[in-house]
Each structure stands twice: as structure tokens, then as C-alpha cells.
Amino acid sequence: ISHGSLSVDSIFVTATGDWKLAGFGNTASTQQAGFSVGGWRDAYMACTSSTFRAPFLDAAVDMQQLSAVDMWGAAVVTAAVFSQGSFDTVFKASPDSLRRISLGFVPESLRSTVHSVLSSSQQPPRATPQTLLGAAHFKHPMVGALLFLDSLALKEAAQKQKFFKALPSLLPRLPPGVRTGKVLPALMNALEYGAAGGGGTV
């Protein structure tokens, strides 16, 4: 499946730190009935701004290119996020300039993956979403805390106890919106119903 229009305009961040993906008008699956690669390409070229448009995409779109366009968009979004507010610089950048931006702004823990994608101007990048998510940058305690809270109802009592006991040292590292919008409701729920969903303590 390809999102087909990944850019900063299709990503929203809530006050509690949740990232939401929108803009699914050009999302496609190569397995869907009646799928046309040519039709998808025309829609992609029409709805995607030049900066977020994969330069390796040509008239003879193949399945590898289809799955790689989202990686290009993700790499440009990452460069924009870390460009210290210089969004206009990113939006007007050529592929060569994007590569320089990625080296100058993107944290080292993400830099090699993002740079490798932005260096793939002539052919689809080899990096995959799993490559990006496996970067050291996403091993941050806040990411782990958000993932844990999102699946809190599925956790065992011992896992919940361990998480809540580690919270005092973790809280100073979390943004205020995450503390009040994600952690506090989870704590209140645990106090009301017990950390194990019945009878546990926090």
C-alpha cells in the first residue's frame, strides 16, 4: 500500500503528542481491483508539491517506485521537522539542497537513513519504513512511553506496575502536553480501577 501524498500537509500532531496521518486521496494498493499504475502516477504528480515529489518517479512507474515514494516523502518531512523552522528553505529546495539540509539539521541518529533516501534521485531508495523506525532516534523514552500507553489495556499487571514505578524519573523528559494529555489520564484510570484493571495499585 502506498499513501501517495506524504508531506507536512498530510501530518497533524495533537496537543497530547499523537501524530495523525491524513490526505488519503491518492492512497493505493497494487492488489486492488482495477489498479492502474499510470493513473496513480498522474494523480500523484498532480496532488504532490514538487519538493515532496519523488524525483526518481518516471513515466514507466513500477511496483518498486510505487512503494518508495512514501519513503521519499517521509525523508523530506523529517528534514523539514528538523530544519529549525526554515520550512520555506526546505519547500524550495532541489534534491541536492535537500541532501545538504539533511546533513546539516537531521540528528545523527536519523541522518544516515534520511540522507540515503534523499540521495536516491535516480532510482528508488533501498531504505524501508522498517529501516526508518529502527533508527536509534526512535529509541527515546518518550516514544516508548507513548507506545506503552497506547496499548495499556493489553498489558499485564506486572508490566503496568513496572511502567508506573518508572514514571517519576521519566516525567521530566516528557513534554507538558504528553504529561497532562496522556500520562495523567492513564494514572487517573489506574487509580480508579487499579493498575491491573482490578485491584492493583499504582
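First, a word on what we are looking at. This is a predicted model, and its average pLDDT is 79, with 85% of the residues scoring at least 70. One stretch calls for caution: residues 196-200 stay under 50 in pLDDT, and the model has nine contacts for them beyond four places in sequence. Where pLDDT is low, the coordinates of a prediction should not be read in detail.

As to the layout, the chain contains nine helices and two strands. Reading from the N terminus, the order of elements is β-β-α-α-α-α-α-α-α-α-α. The chain has 202 residues, and 38% of them are buried. If we take the contacts between residues at least 6 apart in sequence, 53% of these join residues at least 24 apart.

Which residues touch the most other members of the largest nonpolar core? They are Trp40, Val69, Trp72 and Leu118, within a core of 28 residues. At least two residues of this core come from each of helix H1 (37-47), helix H2 (63-81) and helix H5 (108-118). The greatest contribution is that of H2, which gives nine residues. Valine 69 illustrates how these parts meet. Beyond its neighbours within four places in sequence, valine 69 contacts Ser2, Trp40, Tyr44, Ala54, Phe56 and Leu57.

Leu110, Thr113, Val114, Val117 and Leu118 are its buried residues. Viewed down the axis of H5, these fall within an arc of 135°, so they line one face of the helix. The exposed residues Glu108 and Ser112 are on the other side of H5.

Next comes H7, which spans residues 141-150 and has Ala145, Leu146, Phe148 and Leu149 as its buried residues. They lie on the same side of H7 because they cover an arc of only 160° around the axis. Leu147 and Asp150, both exposed, are carried on the face turned away from that buried side.

What does H7 meet in H8? Pro141, Ala145, Phe148 and Leu149 of H7 meet Gln159, Lys160, Phe163 and Leu170 of H8. H8 covers residues 157-170, and its axis comes within 12 Å of that of H7, the two crossing at roughly 145°. The crossing is left-handed.

Alanine 28 is in the loop between strand S2 (19-21) and H1. Is alanine 28 buried or exposed? With 6% relative accessibility, alanine 28 counts as buried. Its contacts, apart from neighbours within four places in sequence, are Ile1, Ser2, Phe35 and Trp40.

Glutamine 123 is located in the loop between H5 and helix H6 (129-133). Its relative accessibility is 54%, and glutamine 123 therefore counts as exposed. The C-alpha atoms of glutamine 123 and phenylalanine 56 are separated by 5.1 Å, with the two residues 67 apart along the chain.

Finally, proline 175 lies in the loop between H8 and helix H9 (176-193). At 34% relative accessibility, proline 175 counts as partly exposed. Proline 175 and methionine 142 are 33 residues apart in sequence, and their C-alpha atoms are 8.8 Å apart in space.

Thank you for your attention.

Note on methods:
Residues numbered from 1 in each chain as written. Predicted model: local features only at pLDDT ≥ 70, side-chain atom pairs only at ≥ 80, totals over all residues. Heavy atoms only, no water. Buried < 20%, exposed > 50% of the residue type's maximum accessible area, 1.4 Å probe, protein only. Helix = DSSP H or I, 4+ residues; strand = E, 2+ residues; numbered from the N terminus. Arc of directions from axis to C-beta. pLDDT = per-residue confidence, 0-100. Contact = heavy atoms within 4.5 Å. Core = buried A, V, L, I, M, F, W, Y, C linked by side-chain atoms within 4.5 Å. Axes fitted to C-alpha atoms, helices over the stretch in contact; angles between N-to-C directions. Left-handed = near helix turned anticlockwise from the far one by under 90°.
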